[in-house]
Amino acid sequence: MFNLPIFTTLLTATFALAQYGAPPAGPASPASSAPPPPAPSAPASNSTQINVNVAPNGQFQFNPNNITAANGTLITFFFPNAGIAHSVTQSSFADPCTYLTANGSEPAGFDSGLQQAVEFTINITDDSQPIWFHCKQVDHCGLGMVGAINAPTTGNFTFQNFMTSALAIGSNEATESDSGPVTGGVNGIATAAPSSDVGNAGSAKMVADIGLAVFAIGMVAMFL
């Protein structure tokens with residue numbers, strides 16, 4: 001038999017859930033109170049697409065930070081939305097914590113600028129030459145937040161030596177200005193400025209809300 005009060009209550013809950021999501025959970029127990037890792041998180045890589053987490057779990061590093069990539073490989077950096085902006089800024093082996101400016105016919109390096117919750121992609125154009133990069137946020141490079149692409153595995157110009165040079169700078173790292181993204185680059189090119197990752201998260205939430213609303217409507221139908 002149709003029960004109007006029950007129908008009205010469930011229908012109201014349906015639209016509330018669709019608009020605002022499920023009600024908040026109760027207080028977490030001490031054993032489960034650890035915060036989730038910052039998002040977005042880089043998906044798995046493949047032979048033509050390498051994905052890099054920027055400062056995963058709040059650590060001042062790139063993961064991976066020593067990359068091998070052939071010509072045409074796209075390398076996408078995924079920035080978290082964790083309250084601290086980071087960058088992917090091209091530098092040189094000689095000056096690991098300094099932006100690579102133009103020199104004669106040699107162009108300037110790529111630079112994402114200080115960012116949060118975005119993706120930034122470069123395309124490898126000369127896999128015979130190394131690419132060095134760092135985070136320009138104050139003191140991050142001196143703490144070891146650096147990376148390399150196609151660095152030699154032997155000799156003086158290895159990734160490990162590059163990292164050692166950055167750590168040796170430490171708190172003496174010079175503060176770099178930030179004027180936003182710079183496309184282009186040397187041996188790897190950024191063809192576009194960083195793109196927001198917020199839209200993807202919003203789409204996922206909308207799909208979840210729709211599914212929750214459909215479930216609630218089904219529950220209402222059981223009482224008709």
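Visitor: What do the buried residues of α2 pack against?
Guide: They pack against β3 (66-67), β5 (89-91), β7 and β8 (146-149). Keep in mind that this is a predicted model.

Visitor: OK, and which residues of α2 are buried?
Guide: In α2, which covers residues 159-169, F159, F162, M163 and A166 are buried. Looking down the helix axis, the buried residues fall within an arc of 100°, so they line one face of α2.

Visitor: Which residues are exposed on the other side of α2?
Guide: Q160 and A168 are exposed there.

Visitor: How do β3 and β8 run, parallel or antiparallel?
Guide: β3 and β8 run parallel, joined by two bridges. β7 and β8, on the other hand, pair in the antiparallel sense over four bridges.

Visitor: Which residue in β8 is the bridge partner of I67?
Guide: That's I149. I149 is also the bridge partner of I131.

Visitor: Which way do the β8 side chains go, and are they buried or exposed?
Guide: V146 and A148 point one way from β8, G147 and I149 point the other way, and all are buried.

Visitor: I149 keeps coming up. What does I149 touch?
Guide: Leaving out residues up to four places away in sequence, I149 touches I67, A69, I75, I122, I124, Q129, P130, I131 and F133.

Visitor: Which residues touch the most other members in the largest nonpolar core?
Guide: That core has 22 residues, and F62, I75, F77, V88, I122 and I149 touch the most other members. The elements giving two or more residues to this core are β1 (49-54), β4 (74-78), β6 (118-124) and β7 (131-134). β6 gives the most, with four residues. There's also a second, separate core of eleven residues, which includes F93, C97, V146 and M163.

Visitor: Now the cysteines. How many disulfides does the structure hold?
Guide: One disulfide. It joins C97 to C141, with an S to S distance of 2.0 Å. C97 lies in the loop between β5 and β6 and C141 in the loop between β7 and β8, so the pair ties together parts 44 residues apart in sequence.

Visitor: Is the disulfide left-handed or right-handed?
Guide: The torsion about the S-S bond of C97 and C141 is about -80°, so the disulfide is left-handed.

Visitor: Are C97 and C141 buried or exposed?
Guide: C97 is buried, with a relative accessible area of 5%. C141 counts as buried too, at 0% relative accessibility.

Visitor: Change of topic: where does Q61 lie?
Guide: Q61 lies in the loop between β1 and β2 (62-63). With a relative accessible area of 28%, Q61 is partly exposed.

Visitor: What does Q61 touch?
Guide: Not counting residues up to four places away in sequence, Q61 touches N53, V54, A55, P56 and M145. Q61 and V146 are 85 residues apart in sequence, yet 6.7 Å apart in space, C-alpha to C-alpha.

Visitor: Last bit, the overall picture. How many helices and strands does the protein chain have?
Guide: Three helices and ten strands. Along the sequence, the pattern reads α-β-β-β-β-β-β-β-β-α-β-β-α.

Visitor: What share of the residues is buried?
Guide: Buried residues make up 37% of the 224 residues in the protein chain. The accessible surface comes to about 12200 Å², and 61% of that belongs to carbon and sulfur atoms.

Methods
Residues are numbered from 1 along each chain as its sequence is written. This is a predicted model: local features need pLDDT of at least 70, side-chain atom pairs count only at pLDDT 80 or more; totals for chains, interfaces and linings use all residues. Side-chain values use heavy atoms; hydrogens and water are left out. A nonpolar core is a set of buried Ala, Val, Leu, Ile, Met, Phe, Trp, Tyr and Cys residues joined through side-chain atoms within 4.5 Å. Buried means under 20% relative accessible area, exposed over 50%, partly exposed in between (1.4 Å probe, protein chains only). Contact means heavy atoms within 4.5 Å. The arc is that of the directions from the helix axis to the C-beta atoms. Accessible areas come from the Shrake-Rupley method with a 1.4 Å probe; for residues, only the protein chains shown count as cover. A disulfide is a pair of cysteine sulfur atoms within 2.5 Å. Two strands pair if DSSP finds at least two bridges between them.
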